[in-house]
Amino acid sequence: MVNTKSKSIIITGGARGIGRATARHLLSQPLSHRVFLIDLDGEELQYAATKHLSAYAPRVGYATANLRSPEEIRAAVAKAAEFFDGRIDVLVNNAGIARAFFTAGNGTMEDVATAEQWQAYIDTNLSAPFWMSQAVIPFMKAQNPNIEGKGEVKQEGVDREQDVKRHAEFSDLPEDLHGKDKTDEGSCILHISSFRAHQSDPDCEGYGSTKAGLLGLTQAMAVSCQRWGIRVNIISPGWVSVAHECKEGDEAAARTQGAPHEDDAKKARLETWAGNHSELHHRQHLVGRVGQGEDIAEAIEYAMGAGFMSGQEMVLDGGASKRKNPDV
């Protein structure tokens, strides 16, 4: 279903890369979405929100947070909720450690020096999306009369020995969680994984395990979050080239003028993207090219309005994972 109304959207890792491209794409749509960016890099974040996306003010908010800290996550979400007047419609859990390989010690799991990097992967790529989701639910849930309270957690516990799967609760959910005609797409949480959840190179245990873990988290959350009228899905990008999606990239294309969605800016970004890759890189994909940030942004836009989709994975890798020999 096409999005038909303005939405309040949090994007983690929004200062650069896929997060920034997604924010720009959503803000440029005619529905006047509002976007709140969360990132660890305060300088890059401020630039993205106040310079790169300045054409969309005042629909852009931002907060710096270390996503390895549940306390900082809750504080940032509280700021977002205030910016959005108490209602959050969409969470895009995009932030994560992008480096696929261990680099500590000898770079293999045999070396105990990789233990710290392993924990960083777990905390950033897997725990942080859980904590972010936990923090937004009170501001995102449908107004279920059994658990009312915007921004508050009022749901009662249950004796698991008597009702292990909470049958009593789930058999008595309000009939209008998705509107009286049941067609309101409701709120949604989107995790950003990777096609490396399904395939790997040597020494990618930390990255691959956490990206695969997001698949399990998505499935479990989709089932649990139905009680709040929240859909949960996951997008697994392949090789998406976004190194130019940052302040330094903008400065390299300083000739661009006007809003970042206008033709001159688009052309400059496309030239930078095209110049970063050989023809071999493009031929490794069935679609004939490496991915762009906009490819993921468009999928996120679709998933936001796809009211009949929950618990699902969208793999956007240009078909690369279907080729037996990528070295063509």
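Helix H3 lies across strands S1, S2 (34–39) and S3, and runs at about 165 degrees to S2. Contact here means heavy atoms within 4.5 Å, and angles run from 0 to 180 degrees between N-to-C directions, with axes fitted to C-alpha atoms, for helices over the stretch in contact. The helices (H or I, at least four residues) and strands (E, at least two) are DSSP runs numbered from the N terminus. This is a predicted model, in which local features need pLDDT of at least 70 and side-chain atom pairs count only at pLDDT 80 or more, while totals for chains, interfaces and linings use all residues. Residues are numbered from 1 along each chain as its sequence is written, and side-chain values use heavy atoms, with hydrogens and water left out.

Now follow H3 to its helical partner. Two packed helices are described by the angle between their axes and the distance between the axes. For H3 (residues 70–83) and H4 (residues 115–140), the axes come within 9 Å and cross at roughly 35 degrees. On the H3 side, Pro 70, Ile 73, Arg 74, Val 77 and Ala 81 take part, and they meet Ala 128, Trp 131, Met 132, Ala 135, Val 136 and Phe 139 of H4. Sorted by class, this contact has 10 nonpolar residues, one charged residue and no polar ones; Ala, Val, Leu, Ile, Met, Phe, Trp, Tyr, Cys and Pro count as nonpolar, Asp, Glu, Lys and Arg as charged, and the others, Gly among them, as polar.

Next comes the sheet. Seven strands form an open sheet in the order S3-S2-S1-S4-S5-S6-S7, with parallel pairing; two strands pair if DSSP finds at least two bridges between them. The edges are S3 (60–64) and S7, each pairing on one side only, and the twist averages 15 degrees from one strand to the next. Three bridges join S1 (residues 8–12) to S4 (residues 90–93), where Val 92 is the bridge partner of Ile 11.

Finally, have a look at S6 (residues 230–237), where eight of its eight residues are buried, that is, under 20% relative accessible area with a 1.4 Å probe and protein chains only. Ile 230, Val 232, Ile 234 and Ser 236 point one way, whereas Arg 231, Asn 233, Ile 235 and Pro 237 point the other. Six bridges join S6 to the parallel strand S5 (residues 187–192), with Ser 187 partnered by Ile 230. Four bridges join S6 to S7 (residues 313–316), also parallel, and Ile 235 stands opposite Met 314 there. Helix H6 lies across S5, S6 and S7, at about 160 degrees to S6.

How values were computed. Buried means under 20% relative accessible area, exposed over 50%, partly exposed in between (1.4 Å probe, protein chains only).
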